[in-house]
Amino acid sequence: MLFYITAVIVLLSDQITKVLVRLNVEMYERFTWMGIELTYIENSGMAGGFFPGYARVFGVISILFVMFVFYLRRNEAWRGPIINISMGFLVGGAIGNGMDRLIFGQVTDFIVRGSGILNIADHALEIGIVLLIVHELVQWLRRRRNQESKEEYEGDEYVQ
């Protein structure tokens, strides 16, 4: 359930903010809101504006990615609180940007960060990747600890 709740919250947050920006901000308008620098642009490519004009191709890739995540979730190893939240962020972000690409042929970006301009879906994808790395690190540490415990137990048994 955590997976679905996270994905829906990300998707709704992303789409609502994009609609608000499209309706209330002029293209390339720059302003600050609550300490966050905002600039409205439309991006027909991928992150950083690479491959402009291929938005619909990336929209299809988003659909394939979401299908892949649902396939992975059939495996018990891809469940648990951290991985559910991670996959929720990834799926919500992929659907949010994928919808824009398929419907509009471009993605609405507006949050200035460093030299780039992103949106809620982009940030959700980043959070999802970080949580996926955390999940994998925790799993690796558990496997390592279990292996060390097993070796220690077998060593004690051997001595007796």
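The secondary structure comes to four helices and four strands, where helices (H or I, at least four residues) and strands (E, at least two) are DSSP runs numbered from the N terminus. Along the sequence the pattern reads α-β-β-α-α-β-β-α. This is a predicted model, in which local features need pLDDT of at least 70 and side-chain atom pairs count only at pLDDT 80 or more, while totals for chains, interfaces and linings use all residues. Residues are numbered from 1 along each chain as its sequence is written, and side-chain values use heavy atoms, with hydrogens and water left out.

Of the 160 residues in the protein, 34% are buried. Buried means under 20% relative accessible area, exposed over 50%, and partly exposed in between, with a 1.4 Å probe and protein chains only. The areas come from the Shrake-Rupley method with that 1.4 Å probe, and for residues only the protein chains shown count as cover.

Now the surface. Val-60, Ile-63, Leu-64, Met-67, Leu-102, Ile-103 and Phe-104 make a nonpolar patch of about 650 Å². Two elements give two or more residues to this patch: helix H2 (55–72) and helix H3 (81–104). The largest share, four residues, is from H2.

A salt bridge is a side-chain nitrogen of Lys or Arg within 4 Å of a carboxyl oxygen of Asp or Glu. Phe-104 lies 62 residues from Glu-42 in sequence, with 9.7 Å between their C-alpha atoms.

Next, the second largest pocket, with about 280 Å³ of space. A pocket here is an open set of points on a 1 Å grid over the protein atoms alone, where a 1.4 Å probe fits, with protein on both sides within 12 Å along at least five of seven lines; lining residues have an atom within 4 Å of a point. The volume is the space filled by probe spheres set on the points.

Which elements supply at least two residues each of the lining? They are helix H1 (2–24), strand S1 (30–33), strand S2 (36–43) and strand S3 (107–113). H1 gives the most, four residues. Lining residues include Thr-17, Asn-24, Trp-33 and Phe-110. By type, the lining has 10 nonpolar residues, two polar and no charged.

Methods: Patch = residues over 30% accessible without salt bridge, like charges linked within 9 Å, V, L, I, M, F, W, Y side chains within 5 Å. Nonpolar A, V, L, I, M, F, W, Y, C, P; charged D, E, K, R; others polar.
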